[in-house]
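Hi,

Here is the structure I promised to pass on. My notes on the interface and the pocket follow below it.

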Amino acid sequence: MTQEMINEIKNNPNYKALTSKRSSLAWTLSIIMCAIYYAFILVIAFDPTLLGAKLSDGITSVGIPVGIFIIISSFILTGIYVNKANTEFDELNNNLKKDIEKSMKKGA
Amino acid sequence: MKKSAILFTLLTLGAMASGAIEGDVEKQPLNVSAIVMFLIFVGATLIITYWASKRTKTAKDFYTAGGGITGLQNGTAIAGDYMSAASFLGISGLVFMKGYDGLIYSIGFLVGWPIILFLVAERLRNLGKYTFADVASFRLQQTPIRTLAAIGSIITVILYLIAQMVGAGKLIQLLFGLDYEYAVVLVGLLMIAYVVFGGMLATTWVQIIKAVLLLSGASFMALAVMAHYDFSFTKLFQTAVDIHSKGDAIMAPGGLVSDPISAISLGIALMLGTAGLPHILMRFFTVNDAKEARKSVFYATGFIGYFYILTFIIGFGAIVMLLSNPEYLDKTGMIIGGENMAAIHLSKAVGGNFFLGFISAVAFATILAVVSGLTLAGASAISHDLYASVWKKGQVDEAQEMKISKMATIGLGIIAIILGIAFEKQNIAFMVGLAFAIAASANFPILFLSMF
C-alpha cells in the first residue's frame, strides 16, 4: 500500500464515518457492560443484603433475576454490536473500497 | 494488601477452574456404560481426525483450518473451549455448596466476552495471521515482542495443560475407575493424535461435538429437575432452602467475595484473563472474515450464558435431589466424592446409570477437547513465532514450518504427560491461578499495546 493510497483512505468521508461510528459504538457498549457488571460487584462488596431481599413469592431473592438480567444483557449487547457492524459498518466499508478503487484507476 | 487480595482472587479463581481435582480421590468401580459411550466418542473423533488430515495440507490449514470455519461453528467451538470440565463440575458444585455465590462466578466469566468482541476480536482478526503474536509484531518491533508474546503463550499453555492433565487423571479415576497414570497417558496420546494429524480442523470439530453433547446433556438435566418441581422456581428454591444446611443463606451473596478489593480484583482478573488466553484468541483466525468473527462471539456468548443458567439450575437440582437421598451421601451426611461430583450424581438421579455414563463420557470428552486446543496454541507459538519468525526471520518454507509444529505438538504432549504424572499430588489450583495471572498480566498488555 502506497503512502498516497493511505492518505486517500484517511481523507475519505466513508472512512471517517466508519472509524468514528465504530469506535464510539464499541466504547459505549463496553462502558454499559462494565457499568452493569461493576455495579453488581460493588453491591456484593458493600451491601450484599440488598441482593438477598425477597421477591413477592417469599423465597426467590432479588439477586437471582438480577443475575439472569446481567447474563441476558451481555448477550443483547453483543447482538446490538454484531447487527450494527455486519450491516451498517460493512456497507460503509464497501463504499470506502469502491471509492478507493475508483480514484486509484483515475490516478493511474 | 492489594497484592494479597489479587493473589487470593487468582487462587480462588484457580480453585474454580481446576474443578474436580482437589485432594485425594477415591478410585471408583469400573463404570461400563461410561466406558462404552466414551469409546464411541473417541471412535467418532478419530474418524473426524482422519477426514481432517486429508484436508490439512498447508500451514494455514494446520493453524486455522484454512479459515473456512463459519461463525456458528466457531462460536460453538469457542463456547466449547470455555465450558471446560472445571466450569461444568466446578460451578455446579459451587452452587450446590454455596448457592447464589456460584452465579457470581458464572457472571464474571461471561462478561469478559462482550468486551472482547467490542474492543479486541475485530482488530485481532484484521491484523493477525495465525497467532496473537502476529498482531503484536504488527506495530511493535518484531523480534523482541514476538519472542515475549510467544513465551507468554507457551508458559500459559503449559501451566494450563498440566492443570488439565492432573484434573483429567483424577476425574477419570473417579468416573471410570481407571488408574491415574493410564488416564494421563491416554489423554496425552489422543490429544497428540488429534493435533498432529488433524490440526485446527480436527481440534475445532472435536470441540464442536463436545459442546453440543455437553449443552444437550446439561439441558436435559435442568429440564428434568424443573419438571420435578412443576417448572416452578419458587417450589425448587423453597425445597432447597428447607434441605440445605446453610438454609436461607444460599439465596444471597455469601462469604465467597467478601471485601470490596477482592470483589473488584476478581472482576478485573476474570475479564482480562479471558482476553489473554492464547487458545481462545487463536480461534478468531479460523473464520473467513471479520463478519464471521463477530458472529462467532455472538453465538459463543449466547451458548455460554445459557450454559451458566443451566449449571445454576443443576446446582440447585443437586441440593434438592441428592441431599434428601442417602444413596448419594456418606456416613457424615456429606456428598460422596466431594461437591464437584454433584452434577455427576445428579445425572444418575435424573437419568439412571445410562445417563450417568453419558455425562461421565462427556466430562472426559470435554477435557480432551480443551487440551487439544491448548496444545495447538502452544505448538503454533513454537513453530510460527519462535522458529519461523524469530529464528529464521520468516525465511522458511511451509512444509518445514508444519514439520516443526508437529514436532512441537508431540514435544508438548510428552511434557504434559510427564508433568501431569509428576504433579499428581500438587495443588494445581495454584497453577491455573498462575496461568490466568500470566495471561492477564503478560499477554493482555502486549495485545493492548499493539492495538490501541
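How many residues does the contact take from chain A and from chain B? It takes 39 residues from chain A and 41 residues from chain B, with contact meaning heavy atoms within 4.5 Å.

Before the rest, some housekeeping: this is a predicted model, so local features need pLDDT of at least 70 and side-chain atom pairs pLDDT 80 or more, while totals for chains, interfaces and linings use all residues. Residues are numbered from 1 along each chain as its sequence is written, chains are lettered from A and ligands numbered from 1 in the order written, and side-chain values use heavy atoms, leaving out hydrogens and water.

**Interface**

The two chains, A and B, bury about 3,700 Å² between them, 76% of it on carbon and sulfur atoms (accessible area, 1.4 Å probe, lost on being put together, summed over both). Tyr37(A), Ile59(A) and Ile71(A) supply 17% of what chain A buries there, more than any other three residues.

The rule also finds 3 salt bridges across the interface (side-chain nitrogen of Lys or Arg within 4 Å of a carboxyl oxygen of Asp or Glu). One of them joins Asp90(A) and Arg294(B), at 3.5 Å, N to O.

**Pocket**

The largest pocket holds about 1,200 Å³ of space (1 Å grid over the protein atoms alone, 1.4 Å probe; an open set with protein on both sides within 12 Å along at least five of seven lines; lining residues have an atom within 4 Å of a point; grid points are joined across faces, edges and corners, and the volume is the space filled by probe spheres set on the points). Of its 36 lining residues, Tyr15(A), Leu18(A), Thr19(A), Arg22(A) and Asn126(B) lie nearest the centre.

Cheers
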